[in-house]
Amino acid sequence: MQILNFKKVLAGMTLGCMMTGSVFAATLNLHNGGDASSLDPQKVSGDWENRIVGDIFEGLTTEDAHAEPIPGQAESWEISDDGLTYTFKLRDGIQWSDGEPVTAEDFVYSFQRLMNPETAANYAYLQFAIKNSEKINSGEITDFNELGVKAIDDKTLEITLEQPTPYFLGALTHYTAYPLPKHVVEEKAGDWVRIDNIVTNGPYKPTEWVPGSHVLTTINDKYYDADKLAIDGVKFFTLEDQSAALKRYRAGEFDILTAFPTDQYEWMQENLPGQARAAPFAGLYYYAINNQKAPFDNADVRKALSMSIVREAIGPQVLGTGEIAAYSWVPPGMANYPEPATVAWKDLSQADKNAEAKKLLEGAGYNADNPLKLQLRYNTDENHKRVAVAIASMWKALGVEVELFNTEVKVHYAELQEGQLDVARAGWLADYNDADNFLNLLKGGIDYNYGRYQNDEFDKLLAEANANTDAKERAALLKKAEQIALDESAAIPIYYYLSRNVVSPKVKGFEDNAFDIHRTRWLSIEE
Amino acid sequence: MLTYAFKRTLTALPVLWIAITVCFFVLRLAPGGPFDGERPMPAGIKANLDAHYNLDKPLIQQYAIYIGDVLQGDLGPSFTTEDFSVAEQISIGLPYTLILGGAAFVVSIVFGVLAGIIGALKRNSWSDHTLAALVLLGLVIPNFLMAPILQLLFGIELAWLPVGGWGDGSLRYLVLPVAVLSFPHIARISRLMRGAMIEVLASNFIRTARSKGLGSTPIVMRHALRPSLMPVMSYLGPAAGYLLTGSLVVEQIFGLPGIGRYFINAALNRDYGMVLGTVIFYMVIILILNLIVDLLYAWLDPRVRAQ
């Protein structure tokens, strides 16, 4: 009797706690930047969309608080000795938010849909490691059963790859690899993703979507770890104006900002101590330089331009957020890549660099009477402009005449892809945790090798590296390729990106990481 | 009157068609497409997307498809927002814009007309000068500056009002955006009103009314108000058009889900479907507003009616 009473009291207390808890912890208000274009993981491409779909879906593997891959819908896996076959065992009892089981067949269906040309998934190429995927996506193979994804039984999934891919488990955390509810997609077709129809398998499920305003999620109680979630749901706010977002944060309307205006960083460090975070991010800010057009086809000219940039001044002084100077092509800290190669002249003093640069330009026939002239183009943006103005003045000191030319982002990249540039601003954020991701940008014959750098040896080394199953040997080959590109000044690395978040002190569990991925699952709110 | 309205609508149709056609082709001349961006995509993927949106067909065929769809009342898909068609996006955003723009419209007229009357009646007094100064402020401070100032003052320093968002749509969320939207219109309307009122008050029929011993309030309300509204009325058409199609700046800064942002963002995103959809929508709105203004003119001015 007493025990019963005690239980009642305990239950009452827990209920009381839950109620007060829900008053405080209820919903995380997150400034998400852009407007989501879709909740269909195969149709999205932005980091703001990733934040939403990554909370409501989960792949075979998923990200931990540091964005490292950990078991997701799969509880374990085996990799064959040749590195080509992955056999995944799905967790017991995993369900869609409507209570239907998540099966290996759902994954097969999703990967086939991802590669189906009619789906027109713009990020399908991130899973091109899977056997026959690229051929199916280009329409060369029309039988989707040729895809290297097979359901052995309800709980066992086998994925075959084209070649050993050391980052494959990481790539599976990406939203292109999320399973879709076959039973709903087949029934509702394109409408499956409507807020009234959508069924998900992640920690949260969407309940409301007002385009231009917000997406609201709530706990998916069918999720295997639902009882461990500390946050009841997230309101992802659309708001592109970063200054306005900061004001709303100050007024307590937002708990997390996923970006902030760089010129406010100093103010925030003083007035919101510890809340503004600028952390290393797996991304490179660089200038592409036209390797096919005179005089930039001369490696000495490219080297002179690269050497004379005072990189240490860009992050701390020009931008004010302290971005780290880049002397390598691959940002440090990528998986399976111990140490990136660096330019040979990295440690010279700036005076020596400038003297050498001057000599190189003179050797190429440029001097005060015959100055090197170039057009530096960037896409319209306050920060890009500041960097361009600073670098133009550094080049001017060398006697180079620089014309600054800016266009909106669409025009900028469309023309870059056609190779219309002398020198142009570009950037790359890693899609997956591997050096290959960056080195690919300099491979011959691809559109986004904007500078049209072409070196057969470089291409050969990349191909060899990617066919090699030994992680160490592979890294050595990639590094050799990187060194070649740097020695030839294929492009001009400037700085490594920083992620910029503002996190309220009451939000716990937010770990800065190189991919800037922070799943709500790992967060909590404490008053 | 009905025949007149009908005729006006009919003559507008070819204009609409020309606008759509010009817009369609000019858009395609602009460099960069809907799928260009920071993240270049492999050619195969782009080919799939182009096929998905019919962009791989000859331009003239795309045009035929589009016109065909529009004639059936279908504004087509948005290229950047996969889950909502152009018509859906406009219809989702429209109520927000209507509430916001409608409130700003009413506020602009009421305060603008009142300020104008006060200015005219108390000409060159301190109240007239204060109003003139305020008007000047309203005209010279652009909304992208006004909005953050009000947010800082009322949202953060005084913490009286929310800084942004639509919230539950209650009045407190509307105050700041409506103030920012209406301030320049109050300013213009009050100047127009003041000028017109001064002119009317100096005219013969007012002098007659005054000589008959009428007080100042009935003179203003019964005799001077209506004729003074004429110039204001001609300003209201464009003002309503502006307010009812949303304001990019106000919606962006306050994070409101209206349709104003589509006008700029769609063009920047090369969202061909959305740009054309908004052009059609905007033209229809302008058309309707102009019609209403014409009818109001007739109501206000007996001379127009007589024609």
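In chain B, 71% of the contacts with a separation of 6 or more join residues 24 or more positions apart. The model is predicted. Its complex receives an ipTM of 0.83 and a pTM of 0.86 from the predictor. Chain B touches chain A through 44 residues, which contact 41 residues of chain A.

**Chain B: overall build**

- Chain B holds 13 helices and zero strands.
- Read from the N terminus, its elements run α-α-α-α-α-α-α-α-α-α-α-α-α.
- Its C-alpha atoms fill a box of roughly 85 × 55 × 30 Å along the principal axes.
- Of the 307 residues in chain B, 36% are buried.

**Confidence**

- Chain A has a mean pLDDT of 91, and 95% of its residues reach 70 or more.
- Chain B averages a pLDDT of 85, with 96% of the residues scoring at least 70.
- Residues 1–24 of chain A stay under 50 in pLDDT.
- For that stretch, residues 1–24 of chain A, the model has three contacts beyond four places in sequence.

**Where chain B meets chain A**

- The contact joins 44 residues of chain B to 41 residues of chain A.
- On the chain B side, the elements giving two or more residues are helix H2 (43–52), helix H4 (86–121), helix H6 (143–157), helix H10 (248–254) and helix H11 (260–268).
- H2(B) supplies the largest share of that side, six residues.
- By class, the side of chain B that touches chain A has 20 nonpolar, 17 polar and seven charged residues.

**A helix pair in chain A**

- Helix H15 (residues 456–467) and helix H16 (residues 471–487) of chain A have axes that come within 8 Å.
- These axes cross at roughly 165°.
- Angles over 145 degrees count as roughly antiparallel, so H15(A) and H16(A) are roughly antiparallel to each other.
- The crossing of H15(A) past H16(A) is left-handed.
- H15(A) brings Glu457(A), Phe458(A), Leu461(A), Leu462(A), Glu464(A) and Ala465(A) to the contact.
- H16(A) meets them with Arg474(A), Leu477(A), Leu478(A), Lys480(A), Ala481(A), Ile484(A) and Ala485(A).
- The residues of this contact between H15(A) and H16(A) divide into nine nonpolar, no polar and four charged.

**Backbone details in chain A**

- The peptide bond from Ala294(A) to Pro295(A) is cis, with omega near 0°.
- Pro295(A) sits in the loop between strand S12 (276–289) and helix H9 (299–307) of chain A.
- Ser489(A) has a phi near 50°, a positive value in a residue other than glycine.
- The loop between H16 and strand S17 (491–503) of chain A holds Ser489(A).
- Ser489(A) has 24 other C-beta atoms within 10 Å. A residue with 20 or more counts as buried, so Ser489(A) is buried.

**A backbone detail in chain B**

- Arg270(B) has a phi near 55°, a positive value in a residue other than glycine.
- Arg270(B) is placed in the loop between H11 and helix H12 (272–300) of chain B.
- Arg270(B) is buried, because 24 other C-beta atoms lie within 10 Å.

Key. Residues numbered from 1 in each chain as written. Chains lettered and ligands numbered in written order. Predicted model: local features only at pLDDT ≥ 70, side-chain atom pairs only at ≥ 80, totals over all residues. Axes fitted to C-alpha atoms, helices over the stretch in contact; angles between N-to-C directions. Helix = DSSP H or I, 4+ residues; strand = E, 2+ residues; numbered from the N terminus. Parallel < 35°, antiparallel > 145°, perpendicular 65-115°, else oblique. Left-handed = near helix turned anticlockwise from the far one by under 90°. Contact = placed C-beta atoms within 7 Å. Nonpolar A, V, L, I, M, F, W, Y, C, P; charged D, E, K, R; others polar. pLDDT = per-residue confidence, 0-100. Buried ≥ 20, exposed ≤ 12 C-beta atoms within 10 Å, placed from the backbone.
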